[in-house]
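Biologist: I would like a close look at a single part of this protein, with the terms spelled out.

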Amino acid sequence: MHKLLAMPGSDLVPPFCPRQGCVHHGVPERTDWFESDGHHETAAFGSVPRFRCKACGRSFSTQTFSVDYYAKKVVDYRELELLLSSSMSGRSLGRHFLLSPNSVQNRVDRLSRQALAVHSALRGFANPAEPVVVDGFQSLDRSQYFPNNITLSVSSGSLFLLEATHATLRRSGAMTEVQKRRREAMESKINYEPHALARSFTEILDQLAKERPPGPTRPLVLVTDLKKEYTHAFDRHAFGSLAKDQVKRVLVSSRSARTRSNPLFPVNYWDRELRKDQAAHRRETACHCRSAANGMARFWCYARYHNYRKRYPIRAHRVDQRTHADVAGIRKELRLALDGLYYRARAFLSRSELSVAGLKAWLKLFPTPGVDGIGRIPAFALD
Ligand SMILES: [Zn+2]
């Protein structure tokens, strides 16, 4: 896993060739696989050493491995992560870091790719004996006419977030006549994804099937509410044909009291945390998501902060520094191996093992209702 994030050391030896498919893209077996190729001058990073791969001829520099590749201004990502996770809006972040709104989103996107890569590498080490609780967090994209459902899976006792995906829903509930007419006018231009909730639940199940497959000696306990979309998706999934002692479903009414003893507490807790810590999800906020893909990028920055940086027991003694990842059973040495480079060394898509939902978030494929096209990512994010 140490290969996931890597930077040239003080000896200026690049860790691998950045070109996908090159024989030196893994861990180069020889030290003479590259040659020096001069320097280039930059305003933000000074003189940057360049190299050339002897096998594929790709030219690259020390910056190629940096999270700031192609950036023109240096930002403290650790501070950005903290402020983004403390309910600061995009425009406030721009004022604080002296960045335009687009540049703020650019840095958030970079941080979200780091989060997705590192979380995907570590998530499989979480204690598989903990029940997994799945439910949707409801917010909106663009306006109140476009509610969304961010389906979450959370490991029960540790409150460690495992997976998240996004679905756009059709607005329902009580509306005035004017609102109904407005919704009709808007919906005439929009194609809603059929069975979006079932699809998002299936993506959550796929991640569990791949990374914590249940077996006769290690059953998966899956806690959900009574949504019929979940049951239909479960029955059609490979999990649905497993014996009941391998995947035990616990069904809880979403109307049950939202107390700590409610089996849905872990997702209710995340619901509360997201409302309080993410500007875009506050009630009656002016900071709501304008783009579903950008919203999910902010979400993943927050999820990595909450899982791996925020202390787990808020009332614990100050010497108790356990994070949610620690409580979930992720060994400290695994986490620390990546922590040191998290804000510096760029995660490569080709070296990250993402789930389907993770890949959609990385590639910004979650569509925004009523907006043509999907989120844009720079070419280097496909490396
Ligand atoms: Zn190469």
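In what order do the five strands of the open sheet lie, and which kind of pairing do they show?

Modeller: This is a predicted model, in which local features need pLDDT of at least 70, side-chain atom pairs count only at pLDDT 80 or more, and totals for chains, interfaces and linings use all residues. Residues are numbered from 1 along each chain as its sequence is written.

The order in the open sheet is S6-S5-S4-S7-S8, with mixed pairing. Strands are DSSP runs of E of at least two residues and helices are runs of H or I of at least four, both numbered from the N terminus; two strands pair if DSSP finds at least two bridges between them. Strand S6 (160-168) and strand S8 (247-251) are the edge strands, each pairing on one side only. From one strand to the next the twist averages 25°, where axes are lines fitted to C-alpha atoms, for helices over the stretch in contact, and angles run from 0 to 180 degrees between N-to-C directions.

Within the sheet, strand S4 (residues 132-140) pairs with strand S7 (residues 220-224) in the parallel sense over two bridges. Here Val133 stands opposite Val223 in S7. Helix H5 (residues 196-211) packs on the sheet and touches S4, strand S5 (147-155), S6 and S7; contact means that the C-beta atoms of two residues, placed from the backbone, lie within 7 Å. The direction of H5 makes about 155° with that of S6.

As for the setting, the secondary structure of the protein comes to 11 helices and eight strands. The C-alpha trace spans about 65 × 55 × 45 Å along its principal axes.
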